[in-house]
Amino acid sequence: MNTPHPVKKNSIHEVTIESIAFGGKGIARLNDYVIFVRNSLPGQSLRVKIIKRKSHYAEAIIEEILKESPHYTPPPCPYFSDCGGCSFQNLDYTTQCQIKEQQIRDVFVHLGKLSTTILPVKGAPVLWGYRNKMEFSAGTERWFMKENDPGTPRDFALGLHAPRRFDKILDIESCLLQDDESNALFQEIRKEVKKEGLSLYNARTHEGYLRNVVIRKGYHTGEMMVNFVTRDDTPEQLTPVVEHILPRFPSVTTVVNNINDSLGMTAFGQKEWRLHGPGIIHDRIGPIQYEISANSFFQTNTSGAEQLYSLVEDFAELTGHETVWDLYCGTGSIALYLSQKANEVLGFEMIRDAIQNARQNAEKNHISNCHFFEANLDKFFQKNPDLIQSLPAPDLAVVDPPRAGLHPDFIQQLIHLAPPKIIYVSCNPATQARDSALLVESGYSLDKIQPVDMFPHTPHIESVALLTKT
């Protein structure tokens, strides 16, 4: 017999937010029935409106704040109520870290039933201006703000997408997640784009010229790149904007134009023009130097990545004699970082361009003990048994998979490989806990988990798990 729903769609209820769920929504209860409330804070008393109803939970939006959270802090960004990118910006930072630690504990211990030590969150070294890359969208359909509306024309928007909208863009002048110089550069570009009358892209009609403005900056070098992503292959349209910004911003060492005429909402181009400079900037993570092109992957928080990689190195406890397998190695950043203290590091990654970048990064840094293999890890072990047999067995396996986690077939191969130690780096604790449970069932001990806050003021959390063969 089905239990009647305690709420109805569009009904209004008074609730108190008990905690924050993984993903950022507040948790309230009515007679043990869970209500997830968007944009809420722990300790708030609210009047909420039900917008979605399921058998075991409902989703709601805030109608009125009856009592503010004791952890509330005024958000410094004027776009906070409409942007959605920094949904924790109105929480003090200590509470942000406590919430993220509790979410890890809920996922692993309470839901996953795993016995382990969860260490306190490692807070971010830099709380504002920490992103070395920001991708701004251009469009003709401006999102109208609830508050602080800029009053710019409704058909001009250069900024960030409104939450859950592919077509509406929030027109902004700056973002607190990039530094002051990057914001000043963005403001100048925005002004010149409007002055020159460049047509902006419309995601519905697939018309218009300018699609994105991407700003990248080397955290340690200060070198800056501007990437204009356009629908049409007419780079000469950008000449007045480029000529305007270069003398005003000497840090801009390269400007490129990526051409993307696809329907997909991506800032990657099928073709690239260099409008100024070499087409790359430089940065480093620890002692490892990198050349960064417009479309190459690089950790968006350099200081956070240094903290994360240092933690992986601490967990590894390398003596210089070990063979390390870096699985899902990407462009080789963890592999190269660990190569300083390992005998040999083997990296495996399915994306061909990433493997090429990894090999180039090794060569540029004169690292000879890293070797990289193009490998779809879902099937690579089964299809290449002779190659796997010929390689030195790993003393340590590092896995850093996408959000979906490890493929079930790969987990079985990893269990068969039986490295004495596994370090699992994840941006999704839910899939990390699921995969860890399978490894524990197969003879591993989940020794400890270290949450790492790479992205302050957002719900995102990285976690590093150490598993050892029992």
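Helices (H or I, at least four residues) and strands (E, at least two) are DSSP runs, numbered here from the N terminus. The model is a predicted one, in which local features need pLDDT of at least 70 and side-chain atom pairs count only at pLDDT 80 or more, whereas totals for chains, interfaces and linings use all residues. Residues are numbered from 1 along each chain as its sequence is written, and side-chain values use heavy atoms, with hydrogens and water left out.

**Helix α10**

Select residues 408-417, helix α10, and display Phe 410, Ile 411, Leu 414, Ile 415 and Leu 417, its buried residues (buried: under 20% relative accessible area; exposed: over 50%; partly exposed: in between; 1.4 Å probe, protein chains only). Viewed down the axis of α10, these residues fall within an arc of 155 degrees, so they line one face of the helix; the arc is that of the directions from the helix axis to the C-beta atoms. Turn to the face directed away from the buried side to find the exposed residues Pro 408 and His 416.

**The seven-stranded sheet**

Move to the open sheet with the order β10-β9-β8-β11-β12-β13-β14 and mixed pairing; two strands pair if DSSP finds at least two bridges between them. At its edges, β10 (169-171) and β14 (271-276) each have a single partner strand, so one side of each lacks a neighbour in the sheet. Select β9 (residues 157-161): three bridges join this strand to β10, and the two run antiparallel. Finish at Leu 160, whose bridge partner in β10 is Leu 170.
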